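Please look over the sequence and the structure before reading on.

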Amino acid sequence: MSLSRRKFLGWLTAAGLSGSAFGKVAHAATTKHFEGHPDSLGVLYDNTKCIGCRTCEAACNKVNDLPPPDRPFDDLAVLDNKRRTDPKKYMVINKYDGSVNVETPLFARTGCNHCLEPACASSCFVRAYTKTESGAVTYDSSVCVGCRYCMLACPFNIPTFEYDIALTPRIRKCTMCYDTRLVKGELPGCVEACPTESFTFGKRTDLLNIARERMRRFPGRYLDHIYGENEMGGTSWLYLSGVPFKKIGMREDLGITPAPQFTSSALAAVPMVVGTWPLLLMGIYAVSKRKDKIAKEEKEQALAEVTAQVKAEADQKVSEAWEKAAQEKEKAIEAAVKQALEAAADVETEENS
Amino acid sequence: MSQEATTTEKTLISPFNIIAGIIVLIGLYLTVRRFTGGLGAVTNLSDNNAWGIWIGFDLLTGVALAAGGYVTAAAVYIFGMKKYHSALRPAVLTGFLGYALVVLALHYDVGRPWRLPYPFVVQAGTSSVLFEVGACVALYLTVLFLEFSPAALEWLGLKKARNLAVKFTLVLVVFGIILSTLHQSSLGALFLIAPSKVHPLWYSSFIPVYFFVSSIIAGLSMVIFESTLSYRFFADKMDEAHLREKDDMALGFGKAAAFVIAGYIAIQLLGIGADDEWRLLGTGYGLWYLVELFGFFGVACLGFAIGAREKKVQLIRWTSAWAVLAVIVNRFNVSLVAFNYHLPASDRYFPSWMEIGISVFLVTLGLITFRFIVSRMPILYEHPEYEDVH
């Protein structure tokens, strides 16, 4: 696709690149459907045009100032093994068996797809990733802790880590050449280098139209599927292919849910736990305290009852004993009086006689 | 002269010390290697397998097994089960050391450990589950430190500070339970973001609940297990109350664990039903899932239930070890076995001996510290000056 410099700069302005308002973060806890920043940019990769020449890989290496490759870029035997991104390469072209025969192999590009709502950005606890308004997902190594949660989160297995660097390892990934070229009004390295125009750079909305236009113009050449239109909520990179995508190493089972939504409800539970747990816990605490208190009171009451009963019984016994003693005393007095009277009577009789 | 030699032999050259010494030396060597050669020099981690056993074991399992602190504190202070009071201090100490080791282990695992505070002081990524985990673990480590501090202050003879620390017990306990609920579940929630990478039998939107409930299993079992080991090695440090209550505690905690495991198995099956994954149970992964759920958790549930009903303390003690193993198996399954299940065997991860070495080294450090503290501070007995002051 031909592209004039003026048109390109126009897009950049529209995408807010000339301003300073970068750095919007993908927020997780929301039900809002995000369809990408307006007028954001992207790349359409048409696998039916790709000849597997690795020119894009060489360009990527050069513009990003990456370490020299293990084998030169014009060595196409490299394609015999399946490769993935690593700290030396932000993108790779892999070769797959053709649908017709092995002599007409198919190729596919693997690299950052610049999700509209990136898993890496959502999973990063220092916000090292930014989905810029241009569409590019950038990475800031100056805050990165190196926890590698982004690598676990990325559904496309793209971010790579400098495992061999002892103290300052970084995540490495394609940034759509944001800092090095986009801001200067230049095309991403791979796009510019491709001799077959397998890559088309432009506004994502335009790219979707271009893709559909190609499907219309060349019936039978493409599958009716633009990979990246909906995958993981949509990506800024889009893919056209003549064979099912899973045959060229791309997962078709990722679904269309943006990654942040998988964690948003779990995160939304946090304030609820913080709010309700104290109530619940203090409630249980109060109930168990109250049970203790009631048990204590009941114990005391039972004790008091028993004590009272024992006391009453004892009192009764004491009073009975008193009564008995009093009766005995009375009897004794009576007896003594009687005895005295008798004695007195005896004396009287003696005197009279 | 000869007498001196025997004394030295008694105090320093014990089997524990020799083995621990060798492990520490290897650990120090591996530490140097890690921080001079990078993660690549000691681990089998790769771009496809970003997290290995330092996360699967040291972080996920470590945090789960340190759950005894909050579980026991909840039982004693919130549910009012005062008869388990003697189990509290050892549980809080184990929790504190466990979390301290988790944080230490993270220093090995992350690329730039000195930046670990960055999410809280430089730039906060609040949309990340890892942010929540980090914040809760940091706060909970502080809570555990404060909960543990009375024992240390009694040892140091700082009466006023000790009495002040004790005053905050209930607040700390409530705060600790909230934080534990959050991060125990969030450790599971970490995997929510990658449904395409975790085998569906282990991936579920309920995974935070699974992790939280199984942390209670781990907490209860660890308290029993740890009490068994303490009795074996530190019986002389235990006071009468501890010796009297420990069997009672094992029976009570075992009974509770039986119920919790039964509930855990039920919600696991509900999750399978909710996602309608019954057909996957017939596959190889399905078999392994069934082994985990019934062979490990189910058997533990049965052991605890029978032990509690028949009052067989010995059975409960053995079962506690099995239940701990069940939780370890679960954490390994989620983070390592079921993770990246779709990749060919050649792209899968298996830890290097050096990764295992560092993990063993850290556990050994924990044991040494535990022994140091238990032999000195009032953990397994009440300090004579503070008896009956709760």
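Is the crossing of α12(B) and α13(B) left-handed or right-handed? The crossing of these two helices is left-handed, a term used if the near helix is turned anticlockwise from the far one by less than a right angle, and right-handed if clockwise.

This is a predicted model, in which local features need pLDDT of at least 70 and side-chain atom pairs count only at pLDDT 80 or more, whereas totals for chains, interfaces and linings use all residues. Residues are numbered from 1 along each chain as its sequence is written, and chains are lettered from A and ligands numbered from 1 in the order in which they are written.

**The helix pair in chain B**

Two packed helices are described by the angle between their axes and the distance between the axes. The axes of α12(B), residues 240-274, and α13(B), residues 284-310, come within 8 Å and cross at roughly 145 degrees; the axes are lines fitted to C-alpha atoms over the stretch in contact, with angles from 0 to 180 degrees between N-to-C directions. Helices (H or I, at least four residues) and strands (E, at least two) are DSSP runs, numbered from the N terminus. Among the residues that make the contact are Leu251(B) and Ile261(B) of α12(B), and Phe297(B) and Phe304(B) of α13(B). Two residues are in contact if their C-beta atoms, placed from the backbone, lie within 7 Å.

**Residue classes in two contacts**

Ala, Val, Leu, Ile, Met, Phe, Trp, Tyr, Cys and Pro count as nonpolar, Asp, Glu, Lys and Arg as charged, and the others, Gly among them, as polar.

| Residues | Nonpolar | Polar | Charged |
|---|---|---|---|
| Contact of α12(B) with α13(B) | 14 residues | 4 residues | 1 residue |

The contact between the chains takes 54 residues from chain A and 43 residues from chain B, and α7(A) gives the most to the side of chain A, with 17 residues.

**Chain B as a whole**

Chain B has 15 helices and 0 strands, and its C-alpha atoms fill a box of roughly 60 × 55 × 45 Å along the principal axes. Among contacts in chain B between residues at least 6 apart in sequence, 80% join residues at least 24 apart.

**Confidence in chain A**

The mean pLDDT of chain A is 88, and 89% of its residues reach 70 or more; pLDDT is the predictor's confidence in each residue, from 0 to 100. Over residues 16-29 of chain A, however, pLDDT stays under 50. Where pLDDT is low, the predicted coordinates should not be read in detail.
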